Amino acid sequence: MCGIVAVVSRPSTRASPPVSEVRSQLARAETALAEGSEPTLAMDEAATALEALEGMLRGTTGLRVLLARPDVADELATAAGRLDLAVARLDQGVDEEVSDLG
């Protein structure tokens, strides 16, 4: 027996996200982590913004934006590094607060 399996997808009907909205969500995440006095709230706000950003860039519509605008892809990569550092700082602050309690 021989079987051939194929998956055929439909073209996306979703519009490509505006670059301004991509940048806005990215800035929202960075601002939340930079200005958040309460680590849990800051992380929640940043996560919400990043989930929205991920939703915008998901699939072929998001890929088209990143391929058409390599500057945006570079901005995302650079911002990811800054976000990683901001999360590490928050984590360190929480660790210091916990050690002060003990």
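**A close look at helix α1**

Author: The buried residues of α1 are Val19, Val22, Gln25, Leu26, Ala29, Ala32 and Leu33, where buried means under 20% relative accessible area, exposed means over 50% and partly exposed lies in between, with a 1.4 Å probe and protein chains only. Seen down the axis of α1, these buried residues fall within an arc of 165°, so they line one face of the helix; the arc is that of the directions from the helix axis to the C-beta atoms. On the other side of α1, you will find Ser20, Ala34 and Glu35 exposed.

A word on where this comes from: this is a predicted model, in which local features need pLDDT of at least 70 and side-chain atom pairs count only at pLDDT 80 or more, while totals for chains, interfaces and linings use all residues. Residues are numbered from 1 along each chain as its sequence is written, and side-chain values use heavy atoms, with hydrogens and water left out.

Helices (H or I, at least four residues) are DSSP runs, numbered from the N terminus. Helix α1 covers residues 19-35, and at 1.5 Å a residue its 17 residues should span 24 Å. The expected span is 1.5 Å times one less than the number of residues. The end C-alpha atoms of α1 are 24 Å apart, which agrees.

Now for the charged pairs. Side chains of opposite charge can pair when their charged atoms come close. A salt bridge here is a side-chain nitrogen of Lys or Arg within 4 Å of a carboxyl oxygen of Asp or Glu. Arg28 forms one with Glu45, and their closest N and O atoms are 2.7 Å apart. This pair links distant parts of the chain, since Arg28 sits in helix α1 and Glu45 in helix α2 (residues 39-57), 17 residues apart. Both partners are partly exposed: Arg28 has a relative accessible area of 30%, and Glu45 has one of 33%.

A search of the whole structure finds 6 salt bridges. Among them is the pair of Arg58 and Glu54, with closest N and O atoms 2.5 Å apart. Arg58 is partly exposed at 48%, and Glu54 is partly exposed at 41%. Another joins Arg69 to Asp71, with 2.8 Å between the closest N and O atoms. Finally, Arg23, Arg69, Asp71 and Glu75 are linked in a network of salt bridges.

Key
Helices (H or I, at least four residues) and strands (E, at least two) are DSSP runs, numbered from the N terminus.
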